[in-house]
Amino acid sequence: MDCRRCGTPLERPGDYCLVCDTANCDAVVVDFERDRAELTMLDGEEVVGKTTLTTVPEDDPESETVELRNFAGRVADDVRRKRPETVFAAGNRDVLRETRAQLHHEFYRVAADDPVERVLERRGERSLEVVETPPREKLGGSHSTLIGGRNGRQAIGVVADHPHVKKVVPGPIDAGGMGSQTGLRAKVTRADDNGNVRLLLRDGSSVQENRIVTTAMDRETGEFVRDDLNEALTEAELRDE
């Protein structure tokens, strides 16, 4: 591919031209799999190029951590070469999260089987915006008490730390439920039509329903956030199946 302004050959499709100081794409869509990442460069509604990066996942946990970080670093480096205004991403969450941690671009999640088509269809619409507000500042509402003590606060923290959560509103506590000896458990419910969800906390006979306001714009994208939140709660060993 050549620079659209000065015609200088570019090393990779969509690269920023250092000769005439010109961007050759305004967005990058990354479709992640655990062993590969396909980058599609867009200029407006035109696909200007594609690049595929691959890796070989390691079996040993320690080696896999290094391999994952290095793979995500390669993807992040390729994105930086483009200097895009926006990055859209879908697919494997492990690689996606690690790549996002290494980038400082506007970064949006795309909940779709065909992320490129999804982005092209919805360019100009609000995608899954990233919220930069610190987790502690997302907590609000008239009820400040949380059930479950330290574990309850941890569950709220896991949810509030998610980049597509705007606000967590604790609800009243219902102490009339069935008793449980399993300790605090948490679960995120199905999204409503506006893309918002509920975090259910259970501790013994007490139940608390907490409202989670997300950046999702509809049920489909809200379900994407819900899956992410439940996965994070599972990783924190707080998930109620």
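Helices (H or I, at least four residues) and strands (E, at least two) were taken as DSSP runs, numbered from the N terminus. The structure is a predicted model, in which local features need pLDDT of at least 70, side-chain atom pairs count only at pLDDT 80 or more, and totals for chains, interfaces and linings use all residues. Residues are numbered from 1 along each chain as its sequence is written, and side-chain values use heavy atoms, with hydrogens and water left out.

Pockets were defined on a 1 Å grid over the protein atoms alone, as open sets of points where a 1.4 Å probe fits, with protein on both sides within 12 Å along at least five of seven lines; lining residues have an atom within 4 Å of a point. The largest pocket is lined by 20 residues, and Arg97, Arg100, Asp161, His162 and Pro163 lie nearest its centre. Helix H2 (93–101), strand E5 (106–109) and helix H5 (219–235) each contribute at least two lining residues, with the largest share, four residues, coming from H2. Because domain 1 (16–123) and domain 2 (135–236) both give residues to the lining, the largest pocket lies between them; the domain bounds come from an automatic or database domain assignment.

The lining of the second largest pocket includes Tyr16 and Arg83. The charged end of Arg83 also sits over the ring of Tyr16, 4.1 Å from its centre. For such a contact, NZ of Lys or CZ of Arg must be within 6 Å of the ring centre and within 35 degrees of the ring normal. Arg93 likewise lies over the face of Phe224, at 5.8 Å from the ring centre.
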